[in-house]
Structures are given as C-alpha cells and as structure tokens.
Amino acid sequence: MTLRHIRIFLEVCEQDCHVTRAAEALHMTQPAVTLAIQEMEGYYGVKLFERIGRRLRITEAGVRLRESGGHIIELFDRMEKGLRNWDALGVLRVGASLTIGSQLMPGYVKAFRQKYPDMEVQVTVATSSQLEQKILDNTLDFALMEGVVHTPSIVAEAYMEDRLAVLCPADGPFRPGQVISQETFRAQPLLLREHGSGTRETFERAVGQAGFSVTPTWEAMSNRALLNAVIGGLGICVLSAWIAAGDVARGRVAEVTVEGLDFTRHFRIIHHRDKFLTPAARDFMDLCRRYESEHPEEAWEGH
C-alpha cells in the first residue's frame, strides 16, 4: 500500500463515500479509484466500505484507517512543506470552546502574530465534544477547551484555572455574595448550556458529586442568551466567571455561592498523541500557558 492509496481512500471519505465525486476531485477515472480501494481491502483483508441500499457507507475498519491515514498524510505533507519554511509561512489550525474562543482567543492570536506575522491562524469555535472529534479527524492541529477528554488517543494538559459562577437576577431574592443551600438552588429555574459543552459537563459533575441532578428550564448554546434571560428575571444560570465578569461588575446580575458545590475547573490544551507539533504550534501553546501572568491587565474584574 502506498501514500497514493491512502490519499484516494481519504478523498472518498471526504466526498461522503461517493466514488464518482472522489474520482473527479482526484482527476482520475472511477474504475481507477475503485481498484485502489479494492487493493487496500485485499491487502488488509477487511472491508473499508459496504454498500447499503444504493449508497456506500464506511465500515468500522474504514473509520480507523481514516483516522490513522489522515495523520500519516499530514505528517508526510508537514515534512515536505517544512523544507520550504512552512513553519513560518503556513497555516495553524486551532480550535477553541465557546468561553475560550470568545474571551481569550482574540488575545492569544494577537500576541502570536507579533512573532509569526506571516502565518495564517485559522480558528474554529465549537463545543468540547466537537473539538475532540475534529482532533481525531485531524482537521485541527490542537484545541483549547473547558471539558475533560474522553478519548485515550487525545493528550490533554491543564493550563489555566477557571470557575463557574452562579448568577441570579440583580433585583431577585438573593443578594450578591450570598451563600444559598443546595435545596434553595435546586428550587430555582435553571438556565444551562447545552449537552456537549464543557460548562455543562463541569456543572453536571459537580451536582452529581453532591448526589442530585437537575432538569433545566432553558438550554442554550449562547452564553449571552442565558445572561439576558437572567437579567430578565427568568432564573439562575451557571457560566464561566470570565463570561459573567462584565455583567457582574455593572450590577446587571448578582453572583451567589451554593453551599457544598465546587465549580472549579481547568482550561485544557488538547492534541492527538500522534500529532506532529511544529515549533510554531508549540510556541502558540506556550503563549497560552503564560498569557494570564504576562497580561494581568486583561484579567477581568471578578474572575
């Protein structure tokens, strides 16, 4: 099997298992693409695609090859492009979960560009679960996220501490800084981030350790939507202190503490364990580790 076989296989995957479109993209004939796939299946003794009805679908063996093959091709391409000063002139693909992407990533990219002005930084903001999948698919070089990883092939490093803030309407029944009981907290209408977000995962872990679960009144992918709902008196939300700091400082929402609940968490840098990290990628990751100490003026009041 050759790199050519892997590239053909990955293109078929990219084209949603459509052999004709893959052949067009590769400037090949359809029989040549089909033959390459058959040669791979014969070499490994497995089926990479199976026909269900009128469509091809990738098998479990194909999914494994797609993950490994993507990294093999990426490593080979990096090697070639590195000989042409790719590390200073190329593209860095970085993912971020919503909180990090909205509050910290702009500062990270601005600082990074001072050292690498000619490098393009492509940022993808998504949920923690989506970022994990993009790391596995090799569509991101690394990512910054709030949740914990669930895949053994992904390496995670905690680089910064964060906490979730319990936020109430400013004109509600609770005063800023008040400590409320878990029973009182559970009786409030709760407005939470969606499943798959690092914020929701941290919240559910904390209440699970306390021995209870909740059913939210609202679920949203937007931090701003949840804060606006709290400002409107519709309930209590639990969000990163980074996100809420401005509204807390302006008195638009009040932060309280729930007795016995620990909402401390860490932001994490994640990458595939087999990923080749260029010097530029490692510099970006190191910048993230140092950023809070080197830019204290950007730490929001109340964080």
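This report describes salt bridges and a nonpolar surface patch in a predicted model.

Residues are numbered from 1 along each chain as its sequence is written, and side-chain values use heavy atoms, without hydrogens and water. Local features need pLDDT of at least 70 and side-chain atom pairs pLDDT 80 or more, whereas totals for chains, interfaces and linings use all residues.

**Salt bridges**

A search of the whole structure finds 19 salt bridges (a side-chain nitrogen of Lys or Arg within 4 Å of a carboxyl oxygen of Asp or Glu). The table gives three of these pairs.

| Pair | Distance between closest N and O atoms |
|---|---|
| E255 and R163 | 2.6 Å |
| E204 and R200 | 2.9 Å |
| E201 and R205 | 3.9 Å |

Helices (H or I, at least four residues) and strands (E, at least two) are DSSP runs, numbered from the N terminus. In helix 10 (residues 198-209), E204 and R200 are four residues apart, about one helical turn. E201 and R205 also lie four residues apart in helix 10.

R200 is buried at 5% relative accessible area, while E204 is partly exposed at 34%. Buried means under 20%, exposed over 50%, and partly exposed in between (1.4 Å probe, protein chains only). A network of salt bridges links E157, D286, R289, R290 and E294.

**Nonpolar patch**

M1, Y43, Y44 and V46 form a nonpolar surface patch with about 400 Å² of accessible area together (Shrake-Rupley method, 1.4 Å probe; for residues, only the protein chains shown count as cover). Patches are made of residues with over 30% relative accessible area and no salt bridge, joining like charges within 9 Å and nonpolar side chains (Val, Leu, Ile, Met, Phe, Trp, Tyr) within 5 Å. V46 lies in the loop between helix 3 (30-44) and strand 1 (49-52).
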